[in-house]
Amino acid sequence: MSHIPNISDAEWEVMKVLWTRSPRSANEIIQALEDHSEWKPKTVRTLLNRLVQKQAAAFSRDGKVYAYYPLVSEEDCVRTETRFFLNRIYGGSFKPMLASFLRETQLTSEEIGELKQILDDKSVC
């Protein structure tokens, strides 16, 4: 999909459920969200409707049951959110973000090795 819609934090939680397994009925989505949210069923249904309007999700209808599924991949949404964050906070520049992350985060030797390997692989390209 060429256009990735702007998804709110609450809508992102619903999308995570859909990305895990789809299609799902609204009731299945509500049950999946019960463990980590206090949203009423009506709230979840509103979020589903918004996602459909934004063309991030769609549904098929079987009688009275609506089965929801994602129209955008999690990978594409993560990539878009990352670009948005990078532009908003770091003016689109990756280096200051990485430097800030490395200064503020405790990394294990294994994690440092993995990062070095990623950088080495990148320098070969």
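Predicted model: local features only at pLDDT ≥ 70, side-chain atom pairs only at ≥ 80, totals over all residues.
## Helix 1 against helix 3

Let's begin with helix 1, residues 9–20, and helix 3, residues 41–53. Their axes come within 10 Å and cross at roughly 90 degrees. Helix 1 and helix 3 are therefore roughly perpendicular to each other, as angles of 65 to 115 degrees count as such.

On the helix 1 side, the residues that meet helix 3 are Ala-10, Glu-11, Val-14 and Met-15. Helix 3 answers with Leu-47, Leu-48, Arg-50 and Leu-51. By class, this contact has six nonpolar and two charged residues, with no polar ones.

## Helix 4 against helix 5

A second pair worth a look is helix 4, residues 74–90, with helix 5; here the axes come within 9 Å and again cross at roughly 90 degrees. That makes helix 4 roughly perpendicular to helix 5.

Helix 4 brings Phe-85, Leu-86 and Tyr-90 to the contact, and helix 5 brings Phe-94, Pro-96, Met-97 and Ser-100. The contact of helix 4 with helix 5 divides into six nonpolar residues, one polar residue and no charged residue.

## The largest pocket

Helix 5 also takes us to the largest pocket, where helix 5 (94–104) and helix 6 (109–124) are the elements that give two or more residues to the lining. The largest share, six residues, comes from helix 6. The space in this pocket is about 260 Å³.

Leu-86 lies 14 residues from Ser-100 along the chain, and the C-alpha atoms of the two are separated by 12 Å.

Ser-25 belongs to strand 1, residues 24–25. With a relative accessible area of 16%, Ser-25 is buried, because that term covers values under 20%. Leaving aside residues up to four places away in sequence, Ser-25 touches Val-65, Tyr-66, Ala-67 and Tyr-68.

Key
Residues numbered from 1 in each chain as written. Heavy atoms only, no water. Axes fitted to C-alpha atoms, helices over the stretch in contact; angles between N-to-C directions. Helix = DSSP H or I, 4+ residues; strand = E, 2+ residues; numbered from the N terminus. Parallel < 35°, antiparallel > 145°, perpendicular 65-115°, else oblique. Contact = heavy atoms within 4.5 Å. Nonpolar A, V, L, I, M, F, W, Y, C, P; charged D, E, K, R; others polar. 1 Å grid on protein atoms, 1.4 Å probe; cavity = no way out; pocket = protein on both sides within 12 Å on 5 of 7 lines; lining within 4 Å. Points joined across faces, edges and corners; volume = space filled by probe spheres on them. Buried < 20%, exposed > 50% of the residue type's maximum accessible area, 1.4 Å probe, protein only.
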